Amino acid sequence: MGKKVKKEVEPPPKDVFDPLLIESKTAATVVLMLSSPEEEVLAKACDAIYKFASKGDENKVTLLGLGAVERLYKLISHEDPIVRRNAMMVFGIMASNYDVKKLLRELDVTNALLSHLVPEEDVVIHEFATLCLAQMAVEYTTKVQIFEQGGLEPLIRLLDSPDPDVKKNSVECIYLLVQEFNDLHVEALAVLGNCLEDVHAMQLIQQTGGLKKLLSFVGDSTVPDIQKNAAKAIAKAAYDSENRKILNEEEVENCLIKLLEIDNDGVKVAASQAISAMCENLSSKRAFGLQGIPQLVELLSSNNEEVKEAAVIALANLTTASPSNSSAVAEAEGIEPLVKTLNAQRDGAVANAAAVLTNMATQEPLRLSAQSHGAVSALTEPLRSTSSQVQSRAALAVAALGCDADARAELRNAGGLGPLVELLHSKNEEVRRNACWAVTVCASDELTAVELCRLGALDILEEINLSTGRRNNFSEAALEKLLDNNLSQKYSQMGYLSSSNIITDGFYDYGQIKPGIKLLSLEELSMQELTDRRAIIFINAKPQEDVLAVEEKPQNSSYEQTTLSPSVSRKSSREKSSLMVSPVEEKQEPPGRRSSFSKSSSREKGLRKGKGKKEEEKMIDVTQIISKVQDEINQENAQWQPPPDFILLEYINDASKTILPLTTTREQVVALAQFVADKMGGAIEKEKLHDFSWELHISEIEYELKSNVVPIGKVKKGTFYHRALLFKVIADRIGIGCSLVRGEYNRAWNEVKLVDDSPQGVTGLLLPPQEYIVDLMFEPGFLMKQGSAEADQYKRI
């Protein structure tokens, strides 16, 4: 077995002390300990001095007299982080004493303090170093030192510190660097703008009176750069709601309004931008409305495009949801310069000018004033802009200003509908939505709706509404409104007109067309040569008083002898009335005109006798010559109108006299069905429907008129779709609600809603209305309940 080795423990060195606890109740002893080479002693001594100095200013003076400041100055850069931290804490708290600050300036401590503001340093050191700097920065010489030694940059960086005390001390120090130190004003104000963005910093500056001093200083300064940076600082701060409240409490509005009057474009721009930001505060918005709007309106006439843009942006914010401010813009004579700004060079100016006009248009007097200044036509160019912001605002302005017929006519004449339709193609959702809304408004009258369809709006909207990604409520509303005010297109494309779709003069049934097919206008169709296509049935029951009475002169042509040729169609309604009259032999001419137009009238026979015949021929020749001359004069200026249908007019008059007085809607519907059937060939036996030669009859009318366009009054043998159309036309005129539905194979029918009688023995029971199909062919007036076997059979016979 091996021997065990015994280890010996070496004794500690004889020159090393065991740990010794030192206690002292005298400041002098502790100050002496600041010269110790041991870190633990230094840290504890600094901590004891910090507690002693915190008790009052007298203790700070005592420490100053004992030479503590000089020893601490050496320790704030000690390599041990705890010693360094504790020494900096004492430095920061002692700097509040005037005599201590004086010594600190002599020692030139600012550079050492600033060196500790680096990101890797302890946050406690940041706190007390900035506290010391803030307390020293009240003196002018220290401000110079801090600035010359590059102190602004690390102070600004500490504004992002997570510690609120560090941030507070940094803000206060930066603010003190600004006061009446002219060389620093411009740069320091820019820095202050960053400080003011923080709510806590803003509150601190307000509580110390700094904000009031700042605004007073800006008002008194004559240096444009100072004024500009001050306005920018306010603008930055105003993007926070709490800051806006503080700025409003200090009446910042007065300061900014004064800056608008400074003769410097940069100051005007900055002040306008600050006003825009402050507008989010309702109190500020009201204050600017009372005082600042005239100055901003004046800036719209500036030659500087940036000034103009900043001013109009401010006006856009001021007038948003503020009728009083919109009125103030009008009172300041701002409408004309706003309209001119629609042609500005900068997109922001154009877009916001359109926004202001949109805001103003909510009040009818202001809208009419804007229209009178040419605002609608001026929007044509912005609609063509390549900027999505301008496109969007311009479309919205069109929607706001285009809510009456005159404005829509102005837009049509200015060529604004084309670029508006193009915006429906936009890939920008906001542009597309606003364009749809503008189309919805513009399609409120038939002329504009028809023109929009001609320009392709209908096809684009149908395409949009087929897309789940692009479809929205606005696109659906636009399509519906477009069709509701272009019923000819709607009926041809959709095969349905509701009871709210009232057929008016100018409507025509072209027949079914597929989506995407553009429907030609009635004028264009009337100019086409006669073909073998389906007849186009049109409606035009102009009142007799609108057409020139023709009894005064005998005429040589009757209704049957006229055509819808281009030469005739371009005559004024006064001239056309002498050509388009109803035939005598079918007894459908208006009362009092029969003797003037009948081929077999006694007056015409008398004129053919003896000299009277020659005089008549001469008179007819003269009339024809005059008519041709007048036609040439009016051809360029007269708006095309379809020829009047006096037969239809008489139908409507007769129905009003005989059907309207009936007591119930059911009786009126039945009577109207019998009336329509009587005018279009009477009841037809189902078994003999194929013998009802209505096609030949229509062809004869087309040949007679040399046109595929036929007035419905000429149709005496009509099938389902002729009768259903006539029923709907007369029903709409006399106030009977009904729909018109197109089926297949020349089928069409009318649907009406009627309330059935209460069950026998039951009184006071209000039953819901039931929908019925009206028989116009076989048993005119027979009502078939929707969904019944007989109704289904009627639709598909």
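These are my notebook entries on a few places I looked up in this predicted model.

**Ground rules**

I number residues from 1 along each chain as its sequence is written. As the model is predicted, local features need pLDDT of at least 70 and side-chain atom pairs count only at pLDDT 80 or more, while totals for chains, interfaces and linings use all residues, and side-chain values use heavy atoms, with hydrogens and water left out.

**Whole chain**

I began with the overall make-up: the chain has 46 helices and eight strands. Helices (H or I, at least four residues) and strands (E, at least two) are DSSP runs, numbered from the N terminus. Of the 797 residues, 53% count as buried; buried means under 20% relative accessible area, exposed over 50%, and partly exposed in between (1.4 Å probe, protein chains only). I also noted an accessible surface of about 38900 Å², with 50% of it belonging to carbon and sulfur atoms. Such areas come from the Shrake-Rupley method with a 1.4 Å probe, and for residues only the protein chains shown count as cover. Among contacts (heavy atoms within 4.5 Å) with a separation of 6 or more, 67% come from residues 24 or more positions apart.

**Helix H19**

Next I went to helix H19, residues 282–291, where Ser284, Lys285, Ala287, Phe288 and Gly289 are buried. What do the buried residues of H19 pack against? I found helices H16 (241–249), H17 (252–260), H18 (265–278), H20 (293–299), H21 (305–319) and H22 (323–331). At the start of H19, the backbone nitrogen of Ser283 has a side-chain oxygen of Asn281 within 3.0 Å.

**Strands E2, E3 and E4**

Here I saw an open sheet of three strands in the order E2-E3-E4, with mixed pairing. Strands E2 (508–509) and E4 (709–711) stand at the edges with a single partner strand each, so one side of each has no neighbour in the sheet. Two strands pair if DSSP finds at least two bridges between them. E3 (residues 536–538) pairs with E4 in the parallel sense over three bridges, and Phe538 stands opposite Pro711 in E4.

**Strand E5 and its partners**

Is strand E5 (residues 739–742) buried or exposed on its faces? Both faces are covered: Ser739 and Val741 are buried on one side, Leu740 and Arg742 on the other. Strand E1 (residues 496–497) runs antiparallel to E5 and is joined to it by two bridges, with Leu497 opposite Leu740. E5 also pairs with strand E6 (residues 748–754) in the antiparallel sense, over four bridges, and there Leu740 stands opposite Asn750. E5 and E6 form a hairpin with five residues between them, and Tyr745 in the turn has a positive phi of about 55°.

**Positive phi in two loops**

I then checked Asp108, which is not a glycine but has a positive phi of about 55°. Asp108 sits in the loop between helix H6 (98–107) and helix H7 (110–115), and counts as partly exposed because its relative accessibility is 34%. Ala321, also not a glycine, has a positive phi of about 55°. Ala321 is in the loop between H21 and H22; its relative accessibility is 79%, so Ala321 counts as exposed.

Key:
Polar contact = N/O pair within 3.5 Å; in protein donor to acceptor, adjacent residues only side chain to side chain.
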